[in-house]
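I opened this notebook to record a few local look-ups.

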Amino acid sequence: MHRLARFLGWPNASEATGELRVPSDYPTIQDAIVAAQHGDTVLVAPGIYTGPCNRGIDFLGKAITVRSENGPEATTIDCEHRGCGFRFRSGEERDSVLEGFTIRRGRHAAYHGGRGSAFHVSNASPTIRGNV
C-alpha cells in the first residue's frame with residue numbers, strides 16, 4: 001500500500017515523507033518493515049506489542065529507521081518467551097537504525113541456553129540505541 005500511495009501521489013503526509021506508522025497505517029511492525037523502502041522511517045505508537053509479527057522482527061537488509069514515538073518508557077516489545085525482539089542478519093549497516101524500545105521476555109533457543117535475547121545480530125552492523 002505504501003508504494004502504491006507514493007505512485008498515486010496520495011496526499012497522506014506520512015506516506016509523502018517516508019513515514020510508516022504502526023498501528024495506524026500497518027497493524028504490525030514487521031508489516032511496516034516489509035512495506036518500507038530504503039530511507040523510510042517506521043514510527044511505532046506507544047503500547048505493548050506482542051505476537052508473531054511483533055517479535056523476531058527482521059529488518060530484511062533495509063536501510064531504514066524503526067523508532068518508537070515516545071521512547072522506551074512508552075513502547076514495549078514483549079517477546080512472550082517465544083523468540084528474540086529484533087533480527088539483523090541480512091547485511092544491515094549503520095543506516096539500519098533501531099531506537100527507543102523496551103524489549104522484554106526475549107528467548108533464543110540457540111543462544112544463552114534459551115534465555116534472554118533482545119537482539120540477534122549476525123553478519124550485520126546496525127545502529128541500536130536508546131533501547132532498554
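**Entry: Gln-30.** I started with Gln-30, which lies in helix H3. The model is predicted, and I kept that in mind throughout. Is Gln-30 buried or exposed? Its relative accessible area is 13%. The cut-off for buried is under 20%, so Gln-30 counts as buried. Next I listed its contacts, leaving out residues up to four places away in sequence. Gln-30 touches Cys-53, Gly-56, Ile-57, Asp-58 and Leu-60. Strand S4 covers 57-58, and both Ile-57 and Asp-58 are on that contact list.

**Entry: the sheet with S4.** I then followed S4 into its sheet. Which order do the strands take? I read S4-S7-S10, three strands in an open sheet with parallel pairing. S4 and S10 are the edge strands, and each of them pairs on one side only.

**Entry: strand S6.** I moved on to S6 and asked how its side chains point. Thr-75 and Ile-77 point one way from S6, while Thr-76 and Asp-78 point the other way. I found all four of these residues buried. In a regular strand, side chains alternate between the two faces of the sheet. Strand S3, residues 47-49, is joined to S6 by three bridges and runs parallel to S6. In that pairing, Tyr-49 has Ile-77 of S6 as its bridge partner. Strand S9, residues 102-104, also pairs with S6 in the parallel sense, again over three bridges. Here Thr-76 stands opposite Thr-102 in S9.

Entry: I went on to the loop between strand S6 (75-78) and strand S7 (86-88), where His-81 is found. At 46% relative accessibility, His-81 counts as partly exposed.

Arg-82 is found in the loop between S6 and S7 too. I noted 62% relative accessibility, so Arg-82 counts as exposed. Which residues does Arg-82 touch, not counting those up to four places away in sequence? I got Arg-55, Arg-105 and Arg-107. I also looked up a C-alpha separation. Arg-82 and Pro-52 are 30 residues apart along the chain, and their C-alpha atoms are separated by 8.7 Å.

**Entry: Asn-123.** I looked for another positive phi and stopped at Asn-123. Its phi is about 55 degrees, and Asn-123 is not a glycine. Where is Asn-123 found? I placed Asn-123 in the loop between strand S10 (119-121) and strand S11 (127-129). Asn-123 is exposed, with a relative accessible area of 68%.

**Entry: Pro-23.** I ended with a peptide bond. Is the bond from Val-22 to Pro-23 cis or trans? I read cis, with omega near 0 degrees. Most peptide bonds are trans, so I flagged this bond as well. Pro-23 sits in the loop between strand S1 (19-22) and helix H3 (29-35). H3 is also the helix in which Gln-30 lies.

Technical notes
Residues are numbered from 1 along each chain as its sequence is written. This is a predicted model: local features need pLDDT of at least 70, side-chain atom pairs count only at pLDDT 80 or more; totals for chains, interfaces and linings use all residues. Side-chain values use heavy atoms; hydrogens and water are left out. Helices (H or I, at least four residues) and strands (E, at least two) are DSSP runs, numbered from the N terminus. Buried means under 20% relative accessible area, exposed over 50%, partly exposed in between (1.4 Å probe, protein chains only). Two strands pair if DSSP finds at least two bridges between them. Contact means heavy atoms within 4.5 Å.
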